[in-house]
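Hello,

Here is the structure you asked about, with notes on what turned up in it. Please read the notes with the coordinates open.

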Amino acid sequence: MSAIRVRFAPSPTGYLHVGGARTALFNWLLARKTGGTFILRIEDTDVERSTQESVDAILQGMEWLGLDWDEGPFFQSSNFPLYKQYVQQLLDDGKAYRCYCTVEELDAKREQAMKEGRKPKYDGTCRDRDTAPVDRPFVVRFRAPHEGATSFDDQIKGVISFPNEELDDLIIQRSDGTPTYNFCVVIDDAIMKITTVIRGDDHVNNTPRQVQLYEALGFPVPQFAHVPMILGSDKARLSKRHGATSVIAYRDMGFLPEALTNYLVRLGWSHGDDEIFSREEMVAKFDIANVGRSASVFSPDKLLWLNAHYIKTGDPQRLAELLTPFLKERGVDPAAGGPALASAITTLQERARTMIEMADAALFYYIAPVTYDEAGMAKFGQEHLLAVYSAVITKLATSTAATAAEYDLLFKEICTEQSWKMPQVGQPVRIALSGSTQAPGIGEIIATLGREETLQRMEDARRFVAGRS
RNA sequence: GUCCCCUUCGUCUAGCCCGGUCAGGACACCGCCCUUUCACGGCGGCGACACCGGUUCAAAUCCGGUAGGGGACGCCA
């Protein structure tokens, strides 16, 4: 184990979204690459908004993506006594003070400052008060320095410096006695000995305050790496308006976890011209130094392409397991009869971009067609169709062919014998067997369906065509 | 408003640190080929250094400014 310790610290106020997932992935990657430790911490200091459902959803998302953690999950809510202790320490040292200003007063001041074009920061009313009113609720504020500047060397963005006069005395403890986020992160990261804080760059502005807190508390300041935002197609912050943002929603839409992680890792990070990364390659090649500084737009198209790639190259047996729930949703239980699912999948891997597409395309293997593509049929005369079906049935019944290639050969023979062109035979048969004009190769279908079922479907189709004069 | 950050094809990006490439790759799109439908695949095309100055023989690359975009400014995280 190296000394590297990183953490992913989501707040349980919703599901795991793709932005959070990417942050988690980068943290995980750094830990795995360096042999360090990846910690999962739930930031639930906002008791009002935190829910158990969200916690479950986040864990589920992490597990689906294969982002396993070494320590945790820890909950900030179980650390409240610890935070109180540090608040007291700051109070004792004179580095924090009680503030009796009310929310209403603060709001009014903020509004006023905004109107006058000033920075809406706390005016310091209670910073130097010597008399403490009794029996009045108070918050605890950090006594921030007014002079100088606070800076840190971000691993992604470089040196970032803030004039201290821009920073006000932030609240570290609410009037109900609970600690606030900016205080808790510092304590937790320090206690957990986090060496590198990788998080979204919407936290850049919080960082100088946190650095001041580390220093006031006498803790070493960790390294920071602020990852740029993920935007929607209109360059606005990614939200539900742009489509799904939940990791689990992508699973339900038929995406493979390796496709999502591959997509996410390339969003903001690159390794030369490489696009496809196995889990191992990602771990080996990941480097924070190669994370870009600018925000990036989420592209469903590229995700789809990657998903298609992983479906194409995936193990049919594993895909079968992943596909089964989608088939069951469609009323098919592949274990209850019909072709072996893995065999069916082999014929569909190049034709499906998602598990949903694959499930839809696989349906005909388990449910014989009840209707036939009319437009497709209409291209051929009734006489021709009957001739084709009869020829195929006869040929098939006496053949010993068993593989897709052998069946394909059979059709070539039929074409030669009857002086038909391949499309004149292939299309009618495809419709007979699948009901549709868009399906795998004839040989593949027959090999998957089996001779018996194929003959059955051919007879059905012949009867159907014969019956409509 | 103030502060912080960002800016290469429509999108993700390589190149930038250590100036000299026809500014490369991928997705999408278009065309051609393959073909038993649909796909897969192969080949080709379209397409970018935000802008203005400066330094230099030479700038996507170094410096300054402008514009645009994003973020933060909470008793949210």
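In this predicted model, the side chains of Asn182 and Gln210 are joined by a polar contact of 2.8 Å. Asn182 belongs to helix H5, which covers residues 181-191. Is Asn182 buried or exposed? Asn182 has a relative accessible area of 13%, and because the cut-off for buried is under 20%, Asn182 counts as buried.

Next, the annotated site. The unreviewed UniProt entry carries a "binding site" annotation on Cys99, Cys101, Cys126 and Asp128. These residues are spread over 30 residues of sequence, yet they cluster in space, with a largest C-alpha distance of 13.0 Å. Cys99 and Cys101, from this group, are included in the lining of the second largest pocket.

Two of the annotated residues can be described further. Cys126 is found in the loop between helix H4 (103-115) and strand S5 (139-142), and Asp128 lies in the loop between H4 and S5 as well. How much of each is accessible? Cys126 has a relative accessible area of 2% and is buried. Asp128 stands at 61% relative accessibility; exposed means over 50%, so Asp128 counts as exposed. Leaving out residues up to four places away in sequence, Cys126 touches Tyr97, Arg98, Cys99, Tyr100 and Cys101. Cys99 and Cys101, in that list of contacts, carry the "binding site" annotation too.

The last item is helix H17, residues 422-434. H17 has 13 residues and runs 18 Å from its first C-alpha to its last, close to the 18 Å expected at 1.5 Å a residue. Which residues of H17 are buried? They are Val425, Gly426, Pro428, Val429, Arg430, Ile431, Ala432, Leu433 and Ser434. The cover over these buried residues includes helices H13 (355-366), H14 (374-378), H15 (382-398), H16 (404-418), H18 (442-449) and H19 (451-467). After H17 comes Gly435, which has a positive phi, near 85 degrees.

To recap for your own look at the model: Asn182, buried in the structure, has its side chain in polar contact with that of Gln210. In the annotated group, Cys126 is buried, whereas Asp128 is exposed.

Regards

Note on methods:
Residues numbered from 1 in each chain as written. Chains lettered and ligands numbered in written order. Predicted model: local features only at pLDDT ≥ 70, side-chain atom pairs only at ≥ 80, totals over all residues. Heavy atoms only, no water. Helix = DSSP H or I, 4+ residues; strand = E, 2+ residues; numbered from the N terminus. Buried < 20%, exposed > 50% of the residue type's maximum accessible area, 1.4 Å probe, protein only. Polar contact = N/O pair within 3.5 Å; in protein donor to acceptor, adjacent residues only side chain to side chain. UniProt positions renumbered as here; feature names shortened; annotations may be inferred. 1 Å grid on protein atoms, 1.4 Å probe; cavity = no way out; pocket = protein on both sides within 12 Å on 5 of 7 lines; lining within 4 Å. Contact = heavy atoms within 4.5 Å. Expected span 1.5 Å × (residues − 1).
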